[in-house]
Structure formats: C-alpha cells, structure tokens
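Please look at the sequence and the model first, then read on.

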Amino acid sequence: MRASRLLSILLLLQSRGVLTARQLAEELEVSVRTVYRDVEALHSAGIPLYGEAGHRGGYRLMDGFRTRLTGLTPREAEALSLAALPGPAAELGLGALAAAAELKIEAALPPALREGARRVREHFLLDAPGWYHDGDRAPHLPEVADAVWNTRVIEVLYRRWAAPSEVERRLEPYGLVLKGGKWYLVARCDGALRTYRVNQILRLRVTDETFDRPEGFDLAGHWREHLEGFRSRLFQGHAVIRLSPAGRERAADVLSSAVVAAVEKTAEGPDAQGWIRATVPIESLIHAETEFLKLGAEVEVLEPAELRRRLAGTAAALAALYRPQAFAPRSPGPPTMTG
C-alpha cells in the first residue's frame, strides 16, 4: 500500500509541478504527517525531491527527473483524455485503478501534450446515458466483469420478457458492452452466443470452472453484427405517411433515426400546403401508433388501414375526453321546496 502511495506522490509532483504537504495529503487521503514520512522515504531512496519554503512553496522534483511517453501526437493525447469513463469504470469496480492509470499517463506526458489533454477535459464531457435515463442499476456488474476477465463460468437467474419470465442459465461470459447507459453481456449459452441485460440478472454465482475463450474473438465485430441483426428484425412492416412542414421539422426529435432516414430517402412532394409523402418502417401497430401520436395533427397515416383506424379511434377518444362541455360547470337546478 505504501509503495503505491510513494509512486502516486512522484506522479502527482511530475504532473502538477509544486504541491504542498497538505495538498498531497488531500489527494492521497492520508494525514500530513504521513506525507512527511513518505517524502523522507523518497529522499532516502535517492529521489531528487526537495521542498521550498514560503507562501508559494511546496515539494517539487528536480528539473529533468521525468518519464516521457513517446510516440503520442498532440491530437492523440487529446483524444486519450476523452477515452476516460470514470462512471462506467466505477460501476465495473475499477474506479481507483482507472484514476491511477489516468494519473500515470498524465505524469508521463510531456508538458505540451499534458496541457492539451487538460484543456480537453476542461471543455468536453462525455455523458453516455440519455436525458431520461441515468443508466443501469446492475448490482452484479462487478462480479460479471471479474468473471469476464478471468474466463469463469457463471450461473445466473435471469429475468426475460418471454414466459417463463425467470430462467436459470449457465453462461460463459465473453465480454461486456456499454450502450446508451445500459450494460450488456455477450456470453455463450448452450453452444450459441447470446446477449443479456446485466441488470436483469437476479442472482449470480461465479463458479470455479473456467472456459476457453476463442482466440481472436472480436467483441466489437460481434456487437456490430448483433446490432445489424437486431435492426433487421426490429422493423416488421411499413407505413405510408404524410408530414406537414412542422411535422417534418419535429420528426428528428421524436421519431427513430430509421424513420427519419426513410422520410429523407422516400419523400415525395411537397404539395401546395407543403406536405410530403413518405414510406417508413414500423416495428408494430402498437409501437407505430405511439410514435406517430407524438406528432399530433402534423402527420397523417395513409397505410396500413389498421394503423389508420387505430389512430382515428385514439383521436376520437381524445376529442371526447377533452370536449368543451366536459369542463362546463353544471347549472343549478330549480330550488327545492320544503315545508
């Protein structure tokens, strides 16, 4: 533990120049007295470290005592700073290791490249999850990650959409993928590669059994093929629609990218009122109804007839629900005669 802390002191001073004992203590989460002892140990080991008194004083390394990371261009160093994902690293149980690795890289960079990387971190932030989703709460994620890394077979109780909703599975975990703030496990089950949502694992046991991961398995390539297959299975039909100018403008914000791309590709018109006609893919009647309702009266479905009837029925129900008389106060009745 102390050896790691001594190395951290060196890297901090190398990357930041001058730091006081109190600043080092705060960074390392130790006492100032511990920092004093560590500095003495570094002195004894022959590290050219010295302290400066005064208001601007602190500890520093002698000029020239620096490790260089060669082969990086300024643009590569800046891109490297965007590759750090502290949130996902922490979820995997690797937060401290990721922070230590980032510190080592920063310390090894020459001053010009280090400054460029710092500027990128100060001006750009990668926040992967969407606006309405903060990502998965996956309590078994660190265990899954450890099993992936050590090629350990896992036994899980998994919740799925189809009946039976809870099933037991024996998995050989090949890799983890973070997409849209959600973690997915690529694993072999019953001789086939399948994809599982990590937050749907209800119970997990890491066994002592290991497996042979195929040499040269390309996780990124497999994931691309999986996405292509998913998208090809996702859309089961097509709809012919009309879009107003306002509807076309809003489509990019409320409809899927596949539908927006189809509108741009198949658009016919516009007519005298500025409406266009297009053929777009749909997943199902229920999903399509929900999607097109987001555009209100700025879209008209021409085909299929069943989808048009569903939308017409929903529109009629909404009109009845919001008809003006529904909100009119009731007129008082004739006075009641008593006696």
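Ser244 lies in the loop that links strand 8 (237-243) to helix 10 (245-254). Helices (H or I, at least four residues) and strands (E, at least two) are DSSP runs, numbered from the N terminus. The model is predicted, so local features need pLDDT of at least 70 and side-chain atom pairs count only at pLDDT 80 or more, while totals for chains, interfaces and linings use all residues. Residues are numbered from 1 along each chain as its sequence is written, and side-chain values use heavy atoms, with hydrogens and water left out.

Ser244 counts as buried because its relative accessibility is 3%; buried means under 20% relative accessible area, exposed over 50% and partly exposed in between (1.4 Å probe, protein chains only). Apart from neighbours within four places in sequence, Ser244 is in contact with Gly274, Trp275 and Glu298, where contact means heavy atoms within 4.5 Å. The side chains of Ser244 and Glu298 are joined by a polar contact of 2.4 Å. A polar contact is a pair of N or O atoms within 3.5 Å; within protein, one must be able to donate a hydrogen and the other to accept it, and residues adjacent in sequence count only if both atoms are side-chain atoms.

Strand 5 (residues 182-189) is mostly covered, with six of its eight residues buried. Its pairings are listed below; two strands pair if DSSP finds at least two bridges between them.

| Pair | Sense | Bridges | Positive phi in the hairpin |
|---|---|---|---|
| Strand 4 (residues 166-179) and strand 5 | antiparallel | seven bridges | Gly180, about 60° |

Leu178 has Trp183 in strand 5 as its bridge partner, and Cys189 has Ala192 in strand 6.

Helix 3 (residues 32-44) has 13 residues and spans 19 Å from its first C-alpha to its last, close to the 18 Å expected; the expected span is 1.5 Å times one less than the number of residues. Thr34, Val35, Asp38, Val39 and Leu42 of helix 3 are buried. They lie on the same side of helix 3 because they cover an arc of only 140° around the axis, taken from the directions from the helix axis to the C-beta atoms. The face turned away from this buried side carries the exposed residues Arg33 and Ser44. Just after helix 3, Gly46 has a positive phi of about 90°.
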